[in-house]
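Have a look at the structure first, and then read on.

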Amino acid sequence: MSHFTTVATKINDLTCLLKALDKLKLKYTHAEEGVSVRGWRGQTSLAEVCINMGRYDIGIIDNLDGTYGVTADWWGVETTHGTSEEEFQNQLGQKYQYHNVKQACEEKGYTVEE
């Protein structure tokens, strides 16, 4: 029985997503051919991005419809790292939207000052 749960997101720009992970100071591995995401009792899942959360990982998967999903053994992540699924989604969503809006403004010729 797999403990991995995938959460649907509205993330569709991998560049902004990676910038958000950098801003959150999370260590990750990105490989289009796939990287292994660790879960309960050595179970693994394949993802495009693997975020190292200690003994367990969080994966970013390509949904093949222009969006990305977030998958993890959330019980393992929360019990060993102290980060809940909701907390992670909120932090990632906030940083992702910041970079998404900033990128859109820059593409229209605006200068963004922080």
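Helix α1 (residues 14–23) and helix α3 have axes that come within 8 Å and cross at roughly 125°. Axes here are lines fitted to C-alpha atoms, for helices over the stretch in contact, with angles running from 0 to 180 degrees between N-to-C directions. The two helices, α1 and α3, are therefore oblique to each other; angles under 35 degrees count as roughly parallel, over 145 as roughly antiparallel, 65 to 115 as roughly perpendicular, and the rest as oblique. Their crossing is right-handed, the near helix being turned clockwise from the far one by less than a right angle.

A word on the source: this is a predicted model, in which local features need pLDDT of at least 70 and side-chain atom pairs count only at pLDDT 80 or more, while totals for chains, interfaces and linings use all residues. Residues are numbered from 1 along each chain as its sequence is written, and side-chain values use heavy atoms, with hydrogens and water left out.

Which residues bring α1 and α3 together? From α1, T15, C16, L17, K19, A20, L21 and K23 meet L92, K95, Y96, H99, N100 and Q103 of α3, contact meaning heavy atoms within 4.5 Å.

Helix α3 (residues 85–107) has 23 residues and reaches 32 Å from its first C-alpha to its last, close to the 33 Å expected at 1.5 Å a residue. Helices (H or I, at least four residues) and strands (E, at least two) are DSSP runs, numbered from the N terminus. The buried residues of α3 are F88, Q89, L92, Y96, H99 and Q103. Just after α3, G109 takes a positive phi of about 95°.

## Cysteines and serines

The disulfide count is 0, a disulfide being a pair of cysteine sulfur atoms within 2.5 Å. C105 is in no disulfide, and its nearest cysteine sulfur, that of C16, is 11 Å away.

The table uses these classes: buried is under 20% relative accessible area, exposed over 50%, and partly exposed in between (1.4 Å probe, protein chains only).

| Residue | Relative accessible area | Class |
|---|---|---|
| C50 | 10% | buried |
| C105 | 27% | partly exposed |
| S45 | 22% | partly exposed |
| S84 | 19% | buried |

S45 is found in strand β3 (residues 44–52). Not counting residues up to four places away in sequence, S45 touches F4, V35, S36 and V37. S84 sits in the loop between α2 (74–81) and α3. Leaving aside neighbours within four places in sequence, S84 is in contact with W74 and E78.

Notes:
Expected span 1.5 Å × (residues − 1).
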